[in-house]
Amino acid sequence: MNADIQQLHGSELREAIRYWLLQTDVRQLAALWATADQVRREHVGDAIYLRGIIEISNRCIRRCAYCGINASNHRISRYTMTMDEIVECACTIEKAGCGTVVLQSGEDWTLTPLWIADTIREIKKRTSLAVTLSLGERLPEELRQWRETGADRYLLKIETSDKVLYDRIHPPRGKEAPNRFEILNQLRRLGYETGSGIMIGIPGQTIDILTEDIITLAGLDVDMAGSGPFIAHRHTPLAGYDDAIKPDGQAGNDALTTYKVNALLRILCPQMNLPTTTALSTISARNGRALGLQRGANVIMPNFTPLPYRQCYEIYPRQTGGNNSKEDILHVIKKTVHSIGRYVASNRGDFVQYQLRRHNNPKRGEGVHDYAAV
């Protein structure tokens with residue numbers, strides 16, 4: 001089957017995605033990798049954009065069945081960075097050549113809207129960085145306040161398009177819990193560049209479900225999609241889940257399946273920013289990042305969280321570079337980028353069509369409101 005699937009729709013598109021997810025022939029897969037790399041080169045070029053992550057808090061009110069910082073895990077030390085620490089870290093990120101800072105945390109409601117707004121304001125005052133927030137499901141008025149303060153982007157992963165599976169791994173916080181699809185719509189309306197993503201190989205996620213996840217994510221028309229393999233933390237309900245509960249056609253949480261998903265997303269969404277995720281580097285430490293970049297990705301997200309805090313922000317075990325200095329991390333990244341003939345960009349790496357699409361269709365994406373196949 002031809003690796004160019006951009007013109008397919010409906011059942012033909014589903015059949016093609018399923019075909020590639022099940023494909024094991026090295027020669028056939030070489031065609032998929034080549035197509036994804038060609039599409040990447042033609043539409044976003046050879047630049048690699050660095051987004052420096054600061055994990056500002058590991059407190060969380062949620063009880064997600066796979067995440068090591070969920071509220072039920074009492075074996076970790078909780079922390080919240082001070083505003084001064086965060087701003088100084090952001091300055092370090094800019095000096096390191098990154099164009100974006102990502103403020104990431106658990107769903108921590110002790111991080112008040114005003115405190116977040118003041119932190120954004122200080123980062124904007126001290127740096128020229130784009131500010132991305134990844135703070136979970138927050139209220140519309142909070143999202144508006146942060147956007148008006150200067151936040152540029154927001155990352156909120158859908159994890160899976162299958163509502164039953166989503167609720168199983170990500171229990172809602174109450175009967176009135178917001179829908180992540182609607183939050184993404186709100187973010188668009190507020191003018192954020194929006195990011196989302198899926199987990200690959202969740203227990204109970206079949207190839208058919210993963211196919212729908214890919215189609216749904218591509219149809220959301222987001223500006224960035226970060227998708228990585230499912231990795232359960234050892235102190236969570238899904239740690240070491242029994243093989244017997246795997247359904248027929250269970251999608252793998254391996255590196256190969258992750259490469260396939262991201263290659264397919266690159267072909268379906270040519271101009272989207274696609275990171276090669278930390279989770280992929282965790283399960284494929286030797287060459288996962290390089291292969292991800294050669295199979296569609298154009299973004300790397302190095303971790304700049306100060307080491308004492310970084311050791312406590314263990315969403316999943318064995319995070320790559322968990323104990324390495326920021327200098328060591330950047331050295332490895334730049335060496336990898338240069339080894340494959342690419343270069344690290346010096347700018348923010350805004351989504352290439354963001355402003356044009358906002359101008360032509362300011363309400364883009366409002367048609368997707370619930371868990372449904374696109």
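This is a predicted model: local features need pLDDT of at least 70, side-chain atom pairs count only at pLDDT 80 or more; totals for chains, interfaces and linings use all residues.
A residue counts as buried when its relative accessible area is under 20%, as exposed when that area is over 50%, and as partly exposed in between. By this scale Arg121 is partly exposed, because its relative accessible area is 40%.

**Nonpolar cores**
- The largest nonpolar core has 95 residues, and Ile54, Leu133 and Trp146 are those with the most contacts inside it.
- Helix H9, which covers residues 255-268, gives the most to this core, contributing seven residues.
- Apart from this core lies another one, of seven residues, including Ala47, Tyr49, Val299 and Met301.
- Beyond its neighbours up to four places away in sequence, Trp146 touches residues that include Pro113, Ile116, Leu133, Arg138, Tyr154 and Tyr192.

**Helix H7 and its ends**
- Helix H7 (residues 180-190) is largely enclosed by the rest of the structure, because nine of its 11 residues are buried.
- Among the buried residues of H7 are Phe181, Ile183, Leu184, Leu187 and Leu190, and also Arg180, Asn185, Gln186 and Arg188.
- At the start of H7, a side-chain oxygen of Asn179 comes within 2.7 Å of the backbone nitrogen of Phe181, while just after the helix Gly191 takes a positive phi of about 95°.
- Arg189 and Glu182 join their side chains in a salt bridge of 2.8 Å, N to O, and Arg189 is partly exposed at 37% relative accessibility.

**Aromatic rings**
- The count of aromatic pairs comes to four.
- Tyr154 and Tyr192 make an edge-to-face aromatic pair, with 6.0 Å from centre to centre and 85° between the planes.
- Because Tyr154 lies in strand S4 (residues 153-155) and Tyr192 in the loop between H7 and strand S5 (193-196), the pair ties together parts that are 38 residues apart in sequence.
- The charged end of Arg147 sits over the ring of Tyr192, 5.8 Å from its centre, and the charged end of Arg295 sits over the ring of Tyr259, 4.8 Å from its centre.

**Salt bridges**
- The whole structure holds 21 salt bridges.
- Arg121 forms a salt bridge with Asp118, with 2.7 Å between the closest N and O atoms; the two are three residues apart in helix H4 (residues 113-126), so about one helical turn separates them.
- Asp118, like Arg121, counts as partly exposed, with 27% relative accessibility for Asp118 and 40% for Arg121.
- Salt bridges that share partners link Lys124, Asp152, Arg153, Glu193, Arg348 and Asp350 into one network.
- In helix H2 (residues 26-44), Asp37 and Arg41 are four residues apart, so they are separated by about one helical turn, and their side chains meet in a salt bridge of 2.9 Å, N to O.
- Asp37 counts as buried at 15% relative accessibility, whereas Arg41 counts as partly exposed at 42%.

**Surroundings of Arg342**
- Arg342 is found in the loop between helix H13 (326-339) and strand S10 (343-344), and it is buried, with a relative accessible area of 5%.
- Leaving aside residues up to four places away in sequence, Arg342 touches residues that include Asp37, Arg40, Ala47, Leu293, Ala297 and Val337.
- A polar atom of the Arg342 side chain lies 3.0 Å from the backbone oxygen of Ala297.
- Although Arg342 and Ala47 are 295 residues apart along the chain, their C-alpha atoms are separated by 6.2 Å.

Definitions and conventions: Residues are numbered from 1 along each chain as its sequence is written. Side-chain values use heavy atoms; hydrogens and water are left out. Buried means under 20% relative accessible area, exposed over 50%, partly exposed in between (1.4 Å probe, protein chains only). Contact means heavy atoms within 4.5 Å. A polar contact is a pair of N or O atoms within 3.5 Å; within protein, one must be able to donate a hydrogen and the other to accept it, and residues adjacent in sequence count only if both atoms are side-chain atoms. A nonpolar core is a set of buried Ala, Val, Leu, Ile, Met, Phe, Trp, Tyr and Cys residues joined through side-chain atoms within 4.5 Å. Rings of Phe, Tyr and Trp (its six-membered ring) pair if their centres lie within 6.5 Å; planes under 30 degrees apart count as stacked, over 60 as edge-to-face and the rest as tilted. A charge sits over a ring if NZ of Lys or CZ of Arg is within 6 Å of the ring centre and within 35 degrees of the ring normal. A salt bridge is a side-chain nitrogen of Lys or Arg within 4 Å of a carboxyl oxygen of Asp or Glu.
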